[in-house]
Amino acid sequence: MAGPFYVDDGGDGTTENSWATADTSINNLDAEYAFASNEIIYFGHDHVCQATNSASLTITGPTSGAPTLLISATQGSSPVTYAASTTNQIDTTEGAYHIIFDGSFALYGMCMKSGADISWQSDTDEVFVAFNTTFRPAANGKIDNRSGTYILNNCVIDLTADGTTNRSGQVFEHVWGGTSEFNGLTFVNGGYRTGTLFYMTGGSQVSLKLSGCDFSGLTQLATFFTLSQPGSVVMNNCITKSSPTFFGANVPARAGWAMITNSGPAHAPTMLAYRNFWGDVTSTTAITRGSGGTIEGTACALLIVTYSGTTESTPFYTPWQHEKVASTGSKTFDVYITNDTADFTDAEVWLEIEYLSTTDEALFAIANDKRATILTTAAAQTDDTTSTWSGTGPSYTYKQKLSVTATVAVAGLFRWRVAVAVASIASSRYFYVDPLVTVS
Amino acid sequence: MAIVLTEIESVHGTPPQQLVFYRCKDSADVWHSYGPVIVNDAEFDKTAHKTVVAAEMEAMLAAQEFAALIGA
């Protein structure tokens, strides 16, 4: 392993092993050395890239294993001390030239500006991680990534190049899968992006996790995600503009799903948006059932929409909700629903419970109020004659109760979900599930 | 594929807390659903937002057509 190497606009480019002998661009260094795992490249914190690019820049790292480290440090410091940069330490703005990272890299406090996109092209056995790093794509440019592992902590996406002109291009494009986790992401000048934030394409089995990100500056964003591909999206505790649209029109492929919780302009523990190939669950505080489900004291209900692929064999399932049962014995689990079109039968909508059925074992058993067999004549679910629902929009014409009885052998954790086997339930059916399960 | 009509499919709740769903008809007379917009702002103009929805829908359909062309 060689290094550490130095890149600084004040260096003489001779031996690259000190600030004085630093290369004046990553271009020169990469041309001379093949970067290996755990090698370190120090960049002066105020270094301005001195390369003159005439094409896209590919920075090549190790093809597997641990990354090469690019660390922004106080120029001239000895011992070297970390200092995040605001200058363009890597710069390809001479033309419409991309910055491409190909291999395993770890960036600390770096700052870069691209004449086009910034492309993270790690393969499945490569990683790209960045801490406190600023990425500046070109006007209408994007960040795209491939099939590797990508972790960003407290990084900045600087869209200053957009100026004050509306730009319809997506900010992130996930191509051919990859596992991405972004924590504490922030944006500069995000108010002129009018399209999609995260665009998945190319059959990508992407896994995307977002936590603690500030999307509030993206004030004209139309949609957060396109979900036409397989893969998963989990987003929690992020701040957004007011009245966000997370999913838009796209439905993921069969293996795809997305779950958004407590994300919006304000703290909202009731907030849930979930989508998969078969349907949607969206929570709202605007529709509630009297004495029904609450989250941290705020009442809410779950709107269900389904898509054309939903059948009794392949129903839409709401996400599992975990609860506790206080004692053993025969228990009845009730969940209340309403819709405006017609009663549901036990071949169309049913409740599923998983519970601890055997003493001293962690084994779950499953019980439901679906029709007894696939060939049993379907029967209407029980009418609910006592509930009062509130909120403008629905008529609450068909109120019903889903009910499962099971013998609980171990007090403690159980979980429940609602299965929906009716295809193409539109939002205008006003099909709501109360998120409270009553145990008696 | 152009969008020829955009409608509000359903509205749930009253301002400031609402869910708003849209649907768009394309030039082949196929309907596409969009949303929900999770409204939490009393100033949200759900009628004006139809323009945004139509643009997003056209972009989505164009992307789907391109993907089909290249066999993606």
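Start by selecting A:Y396, which counts as buried at 12% relative accessibility (buried means under 20% relative accessible area, exposed over 50%, and partly exposed in between, with a 1.4 Å probe and protein chains only). Look at its backbone too: phi of A:Y396 is near 55 degrees, a positive value in a residue other than glycine. You'll find A:Y396 in the loop between β35 (389-390) and β36 (398-408) of chain A. Strand labels like these come from DSSP runs: strands (E) have at least two residues, helices (H or I) at least four, and both are numbered from the N terminus.

Before you click on, know that this is a predicted model, where local features need pLDDT of at least 70 and side-chain atom pairs count only at pLDDT 80 or more, while totals for chains, interfaces and linings use all residues. Residues are numbered from 1 along each chain as its sequence is written, chains are lettered from A and ligands numbered from 1 in the order in which they are written, and side-chain values use heavy atoms, with hydrogens and water left out.

Next, pick A:N189, in the loop between β17 (186-188) and β18 of chain A. A:N189 has a positive phi of about 55 degrees although it is not a glycine. Is A:N189 buried or partly exposed? Partly exposed, with a relative accessible area of 27%.

**On to the sheet**

Select β3, β6, β9, β12, β15, β18 and β20 in chain A. In that order they make an open sheet of seven strands, with parallel pairing (two strands pair if DSSP finds at least two bridges between them). Which strands stand at the edges? They are β3 (57-60) and β20 (223-226) of chain A; each has a single partner strand, so one side of each is left without a neighbour in the sheet. The twist averages 15 degrees from one strand to the next (axes are lines fitted to C-alpha atoms, for helices over the stretch in contact, and angles run from 0 to 180 degrees between N-to-C directions).

Now zoom in on β15 (residues 172-175) and β18 (residues 196-201) of chain A, which pair in the parallel sense over four bridges. Click A:F172 and look across: A:F198 in β18(A) stands opposite.

**Charged pairs**

Side chains of opposite charge can pair when their charged atoms come close.

A:D117 lies in the loop between β8 (111-113) and β9 (118-120) of chain A, and A:K142 in the loop between β11 (134-136) and β12 (143-145) of chain A, so the pair ties together parts that are 25 residues apart in sequence. Both A:D117 and A:K142 are buried.

Then go to A:R136 and A:D158, whose side chains meet in a salt bridge (3.0 Å, N to O). A:R136 is buried at 18% relative accessible area, and A:D158 is buried at 8%.

Hop over to chain B for B:R23 and B:E7, another salt bridge, with the closest N and O atoms 3.0 Å apart. B:R23 lies in strand β2 (residues 18-26) of chain B and B:E7 in strand β1 (residues 3-12) of chain B.

**Last stop: cis bonds**

Stay in chain B, where a cis peptide bond joins B:P15 and B:P16, with omega about 5 degrees. B:P16 sits in the loop between β1 and β2 of chain B. Back in chain A, the peptide bond from A:S78 to A:P79 is cis, with omega near 0 degrees.

Methods:
A salt bridge is a side-chain nitrogen of Lys or Arg within 4 Å of a carboxyl oxygen of Asp or Glu.
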